[in-house]
Amino acid sequence: MKVGLVGIGYWGKNYIRICQKNNLEIKTVCDLNEERKDILPEKINFTTDYKNILNDIEIECVIICTPASTHHKLCKEFLNNSKHVLVEKPTCIKKEDCDELVKIAQTKNIVFMTDYTFLFNSRVRFLKDYLKENLKNPIQAKFIRKNYGPVRNDVNVLWDLLSHDISIFLYLFDIEDVDFLSKNCI
């Protein structure tokens, strides 16, 4: 599968490594900062215009690692052009925008997902197995953050970091109904 990557800042660089490790070919990378093309392997194309990825019929999937304020517009364009989309969190800033994108993906029968990277972390998966085997009825969960990552100016700490804690909590305790949190935990 040929992949396009929009944004090679803090997380975008990691996707290049992850795709290569999983035999996914990143064909083209887009970033507004032309100096970032120097970090790319030679075989990856570089552009400053995301529409070059949008219009490339060989690219089936796009990874979006841009500021949250750009997610809705970019995701909508790529989804409307039948490209599978993986977007960094937060997916969008407004719930209505997320709902719209989900509807487009469902209508076109394409994958649209947000990367909650800790759900693929071996320690979190170990903890899930451990809890399942050793703790039948948990009554409390506490999260302590020791590494905050880069400071973001486009979203606040709730959008940037708490979303990870919530996704881990839902995963660990097999909760699919997100209304559960507002009814039972807040």
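Colleague: How many disulfides does the structure hold?

Modeller: The structure holds 0 disulfides. A disulfide is a covalent bond between the sulfur atoms of two cysteines. To be counted here, two cysteine sulfur atoms have to lie within 2.5 Å.

Colleague: Before we go on, what kind of model is this?

Modeller: This is a predicted model, where local features need pLDDT of at least 70 and side-chain atom pairs count only at pLDDT 80 or more, while totals for chains, interfaces and linings use all residues. Residues are numbered from 1 along each chain as its sequence is written, and side-chain values use heavy atoms, leaving out hydrogens and water.

Colleague: What makes C92 buried?

Modeller: Buried means under 20% relative accessible area, exposed means over 50%, and partly exposed is in between, using a 1.4 Å probe and protein chains only. C92 has 2%, so C92 is buried.

Colleague: And H72, how do you know whether that one is buried or exposed?

Modeller: Its value is 19%, which is under the limit, so H72 counts as buried. H72 lies in helix α3; helices here are DSSP runs of H or I with at least four residues, strands are runs of E with at least two, and both are numbered from the N terminus. Leaving out residues up to four places away in sequence, H72 touches C92, D97, E100 and L101, where contact means heavy atoms within 4.5 Å.

Colleague: What makes a group of residues a nonpolar core?

Modeller: The members are buried Ala, Val, Leu, Ile, Met, Phe, Trp, Tyr and Cys residues, joined through side-chain atoms within 4.5 Å. In soluble globular proteins, nonpolar side chains tend to be buried together. The largest core here has 20 residues, and V6, I64, F78, L79, V85 and F112 touch the most other members. Helix α3 gives the most to this core, with 4 residues. F112 has contacts beyond its neighbours within four places in sequence, among them C75, V87 and A105.

Colleague: Which residues does the second, separate core include?

Modeller: That core has 14 residues, including V3, I16, L40 and I63.

Colleague: Let's turn to charges. Why is the pair K27 and D56 called a salt bridge?

Modeller: The rule asks for a side-chain nitrogen of Lys or Arg within 4 Å of a carboxyl oxygen of Asp or Glu. For K27 and D56 the N to O distance is 2.7 Å, so the pair passes. The two sit in distant parts of the chain, 29 residues apart, with K27 in strand β2 and D56 in the loop between α2 and β4.

Colleague: How many salt bridges does the count come to?

Modeller: The count comes to 8. Another one of them joins R36 and D31, at 3.2 Å.

Colleague: How do you know what F120 counts as, buried or exposed?

Modeller: F120 has 54% relative accessibility, and the limit is over 50%, so F120 counts as exposed. F120 is found in the loop between β6 and α5. Together with V111 and M113, F120 makes a nonpolar surface patch of about 290 Å². Patch residues need over 30% relative accessible area and no salt bridge; like charges are joined within 9 Å, and nonpolar side chains (Val, Leu, Ile, Met, Phe, Trp, Tyr) within 5 Å. The areas come from the Shrake-Rupley method with a 1.4 Å probe, and for residues only the protein chains shown count as cover.

Colleague: Last one: what is the phi of N23?

Modeller: N23 has a positive phi of about 55° although it is not a glycine. Most residues other than glycine have a negative phi, and most peptide bonds are trans. S82 also has a positive phi, about 60°, and the peptide bond from K89 to P90 is cis, with omega near -10°.
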